[in-house]
Amino acid sequence: MIERNYHSVVLDREKCKGCTNCIKNCPTEAIRVRDGKAKILEDRCIDCGECIRICPQHAKLAKTDELSILNNFRYRVVIPAPSLYGQFKEYMNPEKILMGLKKMGFDEVYEVALAAENVSIAVRRYLSEKNNPKPGISSACPAVVRLIQVRFPDLIKNIVPIKAPIEIAAKKAREKIKKEKGFKDDEIGVFFITPCPAKVTSIKSPVGAKTSFINGAFSVSQIYGDLLKNIKSVKESDLDGTLQKASGLGVGWGRSGGENKALAMGNTLSVDGIHNVIEVLEEVEMGRLKDIDFIEAQACIGGCVGGALMVEKQVIARTRLRKLSETLAQNFAVDEYVVLKEYDNNYYFMTEKIEPKHVMKLDEDIAKAIEKMELLEKTLERLPGLDCGSCGSPNCRALAEDIVRGIASENDCVFVLREKVKELAEEMLELSKRLPPAMGDGDFNRKGEKNET
Amino acid sequence: MNKNFLLKMSFDIEGNNFNAAGAASSEIKRKLKQIGLNSDVVRRAAVSAYEAEMNIVIHAYKGVLTVTVSPGEINILAEDEGPGIADIELAMKEGYSTASDDVREMGFGAGMGLPNMKKCSDKFEIKTELGVGTKVSMTIYY
Ligand SMILES: Nc1ncnc2c1ncn2[C@@H]1O[C@H](COP(=O)(O)OP(=O)(O)OP(=O)(O)O)[C@@H](O)[C@H]1O
Ligand code: SF4
Ligand SMILES: [Mg+2]
């Protein structure tokens with residue numbers, strides 16, 4: 001089931017106090033406070049999860065699936081994000097973590113880290129081809145892809161049009177099970193253990209594909225307690241060393257810099273944290289990073305280990321993941337030759353074009369947009385420039401824009417309102433001094449002005 | 001509909017102020033995006049404006065950057081009070097720069113600004129007078 005405007009990030013109206021923390025930190029200015037509650041502007045939201053992190057009331061939530069959907073499928077596969085390993089003290093024993101995960105009700109485990117190896121090889125090949133726009137930008141973080149659609153439509157051509165590791169993992173897992181176990185596609189359920197809301201949205205409402213190979217997503221924080229118990233109950237004798245297959249290169253994808261390390265080619269740049277990503281994309285847009293071949297851009301600080309739905313502290317999870325990936329094998333577990341053949345058969349490419357979302361435009365018509373721009377500037381001049389946010393828009397400029405777009409009014413600004421009240425009060429005072437013509441003491445005229453004597 | 005629409009924005013640029021450098025062209029870029037111009041046009045205008053702004057910051061004393069959007073075209077005008085350019089032909093060469101070592105350390109002075117401005121615009125004019133200042137006018141059709 002595909003919902004075109006699906007968003008994983010939602011608001012808990014009960015908890016929201018209408019403070020302005022989220023509106024001021026949103027990278028696409030997608031939140032307003034109206035009638036004392038935050039309101040997400042659907043077409044601007046990129047599901048990066050910044051608001052989930054910053055909300056002091058924990059009123060921003062990520063919609064994920066209920067574990068009960070496992071019952072809808074005969075054969076159930078779990079595909080854990082590489083970043084999952086860093087969430088547990090047992091990080092140096094990933095086999096144990098995967099066994100604990102499997103025991104939650106899955107028939108099979110397929111590591112996304114393994115598919116990340118396939119993707120690394122495919123991306124490397126893509127970048128080595130002539131005529132592909134430079135710098136290439138990773139498509140792995142869906143929040144970054146959506147950011148580009150909304151704020152940098154000109155850079156869509158730079159996004160490497162290769163599917164993200166989670167989709168390749170699901171595709172591979174399905175093929176394997178169909179072949180080995182004889183199940184049909186609709187009997188197999190594939191479930192992702194997600195670090196973030198952006199990935200959930202990318203499954204429910206894909207960009208670059210009509211449908212996802214994945215049937216559902218559970219967040220790390222959602223299953224953490226149960227998973228922790230399961231991991232503790234796993235005995236060494238339960239393990240046969242068949243679950244954890246990916247190399248250190250694949251596992252390394254879970255933290256920032258890991259993707260570039262696995263690529264091991266050319267002049268690459270790695271940037272993490274959505275606000276830093278925006279800075280870099282501004283540079284790319286101005287043509288100032290032409291000497292860079294590839295940009296690994298991740299919305300979360302530290303990469304997926306810093307995902308908004310993770311439990312462990314980012315710095316700790318990141319260090320653990322680094323240690324783990326350094327001890328695992330340093331060459332790909334997948335067969336490079338096979339991957340390149342698949343690449344030539346278009347196995348890895350996105351099947352749909354990534355479309356720009358022109359939500360920042362003031363109007364479809366340039367002449368009208370210019371009129372609105374002028375109105376916006378004039379309105380902005382009347383606002384105090386304090387960027388306080390009490391109007392419910394992130395800053396004075398955004399309020400001016402909202403007014404021009406017809407979704408706010410100048411009186412929403414407390415300072416403008418106070419000014420108007422003052423003017424009104426003065427006028428009332430003025431009026432109160434006026435007297436009926438028959439009254440008066442001779443010293444003052446009807447308008448309340450002193451008579452000349 | 002109004003066929004003679006016009007959007008005009010002007011920015012004062014201070015020579016040698018690297019804190020504010022790039023602010024004017026950022027704002028220009030944002031506004032051109034908001035009025036919905038084609039993204040390639042926005043990019044070319046933004047790059048031209050940025051290079052012109054930086055040349056004032058680096059090479060002149062002070063100046064004004066003016067962008068005018070009218071039907072079918074964008075004009076970018078950079079006028080400064082500054083030393084002027086002795087040899088325009090030389091200055092237009094890729095790689096020619098008189099930028100100081102300090103400025104180079106900040107990542108400028110590759111001698112690519114003027115050539116880039118010319119490449120990005122459909123019409124490019126430069127007038128200069130030694131000891132008085134420089135005037136660069138660029139037009140981009142859309
Ligand atoms: N507005 C100006 N006033 C005085 N001299 C200028 C001005 N603009 C350019 N020049 C001269 O022309 C040269 C070439 O300019 P250009 O913009 O191509 O390169 P640059 O500014 O030195 O380096 P870059 O633009 O790559 O950072 C400058 O080094 C400077 O000597
Ligand atoms: S960096 Fe990773 S965790 Fe964060 S939004 Fe992107 S994909 Fe999700
Ligand atoms: Mg220059």
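The model is predicted, so local features need pLDDT of at least 70 and side-chain atom pairs count only at pLDDT 80 or more, while totals for chains, interfaces and linings use all residues. Residues are numbered from 1 along each chain as its sequence is written, chains are lettered from A and ligands numbered from 1 in the order in which they are written, and side-chain values use heavy atoms, with hydrogens and water left out.

**Chain A overall**

- Chain A has 16 helices and eleven strands; these are DSSP runs numbered from the N terminus, with helices (H or I) of at least four residues and strands (E) of at least two.
- The C-alpha trace of chain A spans about 110 × 50 × 40 Å along its principal axes.
- Of the 453 residues in chain A, 54% are buried, where buried means under 20% relative accessible area, exposed over 50%, and partly exposed in between (1.4 Å probe, protein chains only).
- Chain A has an accessible surface of about 21000 Å², and carbon and sulfur atoms hold 51% of that surface; accessible areas come from the Shrake-Rupley method with a 1.4 Å probe, and for residues only the protein chains shown count as cover.
- Among contacts in chain A with a separation of 6 or more, 78% join residues 24 or more positions apart; contact means heavy atoms within 4.5 Å.

**Domains of chain A**

- Chain A is divided into domain 1 (9-62), domain 2 (67-344) and domain 3 (366-432), with bounds from an automatic or database domain assignment.
- Between domain 1 and domain 3 of chain A, the C-alpha centres are 23 Å apart.
- Contacts between these two domains of chain A involve nine residues of domain 1 and 14 residues of domain 3.

**Ligand 1**

- Ligand 1 is surrounded by 19 residues, and the closest are His59(B), Ser97(B), Thr98(B), Gly109(B) and Met112(B); a residue is near a molecule if one of its heavy atoms lies within 4 Å of it.
- The shell around ligand 1 holds eight nonpolar, nine polar and two charged residues; Ala, Val, Leu, Ile, Met, Phe, Trp, Tyr, Cys and Pro count as nonpolar, Asp, Glu, Lys and Arg as charged, and the others, Gly among them, as polar.
- Helix 2 (39-59) and helix 5 (113-120) of chain B each give at least two residues to the shell around ligand 1.
- Oxygen atoms of ligand 1 lie 3.1 Å from a backbone N or O atom of Ala110(B), 2.8 Å from a polar backbone atom of Met112(B) and 3.1 Å from a polar backbone atom of Gly113(B).
- The protein buries 93% of the 600 Å² that ligand 1 exposes when taken alone.

**Ligand 2**

- The residues around ligand 2 include Cys141(A), Cys196(A), Cys300(A) and Cys304(A), along with Pro142(A), Pro195(A) and Lys199(A).
- By class, the shell around ligand 2 has seven nonpolar residues, two polar and one charged.

**Two glutamates of chain A**

- Glu285(A) is in helix 11 (residues 274-285) of chain A, and Glu285(A) counts as buried because its relative accessibility is 5%.
- The side chains of Glu285(A) and Lys33(B) make a polar contact at 2.9 Å; a polar contact is a pair of N or O atoms within 3.5 Å, and within protein one must be able to donate a hydrogen and the other to accept it, with residues adjacent in sequence counting only if both atoms are side-chain atoms.
- Beyond neighbours within four places in sequence, Glu285(A) is in contact with residues including Arg151(A), Phe152(A), Lys29(B) and Arg43(B).
- Glu342(A) lies in helix 13 (residues 336-344) of chain A and is buried, at a relative accessible area of 15%.
- The C-alpha atoms of Glu342(A) and Ala122(A) are 8.9 Å apart, although 220 residues separate the two along the chain.
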